[in-house]
Amino acid sequence: MKIIDSLVGQAAGITAIRRDIHAHPELCFEEVRTADVVARQLTEWGIPIHRGMGTTGVIGIVEGTGPKTGRAIGLRADIDALPMQEFNTFEHASKHAGKMHACGHDGHTAMLLAAAQHLAKHRDFAGTVYLIFQPAEEGGGGAREMIKDGMFEKFPMDAVFGMHNWPGMPVGQFAVSPGPVMASSNEFKITIRGKGSHAALPHNGVDPVPVACQMVQAFQTIISRSKKPVDAGVISVTMIHAGEATNVIPDSCELQGTVRTFTLEVLDLIEKRMQQVAEHVCAAHDAQCEFEFVRNYPPTVNHPKEAAFARQVMTGIVGAENVRVQEPTMGAEDFSYMLQAKPGCYVFIANGEGAHREIGHGGGPCMLHNPSYDFNDELIPLGATYWIVLVNGWFKSEAAGTGA
Ligand SMILES: [Zn+2]
Ligand SMILES: [Zn+2]
């Protein structure tokens with residue numbers, strides 16, 4: 001592993017910052033203290049900052065001392081925590097009840113801070129690095145809010161890169177793939193309005209329950225019959241609510257759930273077909289249909305050239321045998337908005353199996369969104385090395401020249 005020596009030297013200081021952030025988790029758009037910590041560190045290292053982007057976002061600006069090329073690259077870390085109770089009791093466990101850094105965004109912030117500290121001292125690159133500390137990844141769409149706030153106009157950049165830790169993979173490995181790596185995330189709510197009646201006299205009413213049952217079944221034929229078999233898509237009905245008594249046919253029934261796809265074309269098709277199926281199944285049974293469909297995060301799609309470049313950077317650090325192919329998952333990620341606007345790539349860094357956790361960790365697995373999770377501080381110099389080699393390589397590479 002070719003980790004930059006000085007990053008190992010400064011790791012203890014950054015680990016302390018990571019643990020401080022872990023102990024003080026803040027939720028979507030409330031990351032005031034976290035943003036203060038980031039802003040204070042960047043300022044201390046002589047990096048100019050812009051605050052308040054997308055509410056609590058912070059941008060650090062590192063100008064290279066090389067030839068003025070006008071080129072710029074964005075590196076993004078998310079900074080928010082999750083609304084859940086931490087089971088760990090070690091010293092840096094959450095001090096805020098019901099809030100926890102269970103997705104490792106404290107670690108993402110720390111890895112980017114480690115890179116910032118190094119870049120501030122070694123500016124021999126030809127262009128500008130924007131350090132993007134983004135709020136509200138966990139459902140708030142902080143990336144979208146930063147873009148709406150004019151991030152790419154105020155800080156024009158040719159490419160953006162993101163990184164997430166991934167538990168279960170041995171430390172020292174990375175994973176990356178071109179194309180879709182995470183899905184679009186969407187929610188639906190369907191209300192079937194029937195007509196309540198005595199359960200012993202169903203012919204006097206319109207029972208919404210069998211309508212709901214048929215609808216749930218019919219939705220799965222959209223997956224198996226309407227879309228191309230090679231296109232990925234998931235419809236999960238996760239909530240069905242109707243009725244309050246065994247002898248009363250309810251007036252209405254509500255279905256809710258999620259739809260995941262890797263492309264907007266498949267999403268368009270599924271949304272259209274779901275509405276048709278819902279309305280027509282209702283009509284067939286003389287029930288009324290209310291159909292709501294909300295699109296949340298779009299699919300996260302890596303640009304091929306930037307993905308190839310990221311793989312090359314990783315290979316140089318940990319060797320080809322430690323750079324895995326990232327299997328797409330149906331989870332979602334709001335870095336997708338940045339990748340819709342700019343070329344770039346979202347990669348994964350292995351967090352290990354959980355043996356790094358200190359005494360007093362919870363009994364559960366060290367998985368993302370698990371109450372016993374903790375970020376692996378061993379990744380700080382490795383992740384920061386990735387950022388720095390990426391920056392230096394990118395300004396020298398052909399990719400930077402074409403901006404593609
Ligand atoms: Zn998460
Ligand atoms: Zn996350």
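Helix α9 passes helix α11 in a right-handed crossing (left-handed if the near helix is turned anticlockwise from the far one by less than a right angle, right-handed if clockwise). Helices (H or I, at least four residues) and strands (E, at least two) are DSSP runs, numbered from the N terminus. The model is predicted: local features need pLDDT of at least 70, side-chain atom pairs count only at pLDDT 80 or more, and totals for chains, interfaces and linings use all residues. Residues are numbered from 1 along each chain as its sequence is written, while chains are lettered from A and ligands numbered from 1 in the order in which they are written.

Helix α9 covers residues 304–318 and helix α11 covers residues 379–396. They pack at an angle of about 125°, with their axes 10 Å apart. Axes are lines fitted to C-alpha atoms, for helices over the stretch in contact, and angles run from 0 to 180 degrees between N-to-C directions. The pair α9 and α11 is therefore oblique (under 35 degrees is roughly parallel, over 145 roughly antiparallel, 65 to 115 roughly perpendicular, the rest oblique). On the α9 side, the contact is made by F309, A310, V313, M314, G316 and I317. On the α11 side stand T385, Y386, V389, L390, G393 and W394. Contact here requires C-beta atoms, placed from the backbone, within 7 Å. By class, the residues of the α9–α11 contact are nine nonpolar, three polar and no charged. Ala, Val, Leu, Ile, Met, Phe, Trp, Tyr, Cys and Pro count as nonpolar, Asp, Glu, Lys and Arg as charged, and the others, Gly among them, as polar.

The protein is assigned domain 1 (5–182 + 299–402) and domain 2 (184–295), with bounds from an automatic or database domain assignment. Their C-alpha centres lie 39 Å apart. Five residues of domain 1 are in contact with seven residues of domain 2. The side of domain 1 that touches domain 2 has five nonpolar, no polar and no charged residues.

An open sheet of eight strands runs in the order β1-β2-β4-β3-β5-β16-β6-β15, with mixed pairing (two strands pair if DSSP finds at least two bridges between them). Strands β1 (49–53) and β15 (323–325) stand at the edges, each with a single partner strand, so one side of each has no neighbour in the sheet. Neighbouring strands of this sheet are turned by 25° against each other on average, direction ignored. Helix α9 packs on the sheet, touching β5 (159–167), β6 (174–176), β15 and β16 (344–352). The direction of α9 makes about 165° with that of β6.

Within this sheet, seven bridges pair β3 (residues 72–78) with β4 (residues 128–134) in the parallel sense. The bridge partner of A77 is F133 in β4. Strands β1 and β2 (residues 57–63) pair in the antiparallel sense over four bridges. I49 stands opposite G60 in β2.

A second open sheet has four strands in the order β10-β12-β8-β13, with antiparallel pairing. Its edges are β10 (233–241) and β13 (288–295), each with a single partner strand, so one side of each is left without a neighbour in the sheet. Neighbouring strands of this sheet are turned by 20° against each other on average, direction ignored. Eight bridges join β8 (residues 184–193) to β13, and E187 stands opposite V294 in β13. Strands β8 and β12 pair over 10 bridges, with S184 opposite T261 in β12. Strands β10 and β12 pair over eight bridges. There, I235 has V259 of β12 as its bridge partner.

Two helices accompany the four strands. Helix α7 (residues 208–226) lies across β8, β10 and β12 (252–261), running at about 170° to β10. Helix α8 (residues 264–284) packs on the sheet, touching β8, β10, β12 and β13. Its direction makes about 165° with that of β13. The axes of α7 and α8 come within 10 Å and cross at roughly 150°. The crossing of α7 past α8 is right-handed. Contact residues of α7 are V211, Q214, M215, A218, F219, I222 and S226. Those of α8 are L269, I270, R273, M274, V277, A278, V281 and C282. The contact of α7 with α8 has 12 nonpolar, two polar and one charged residues.
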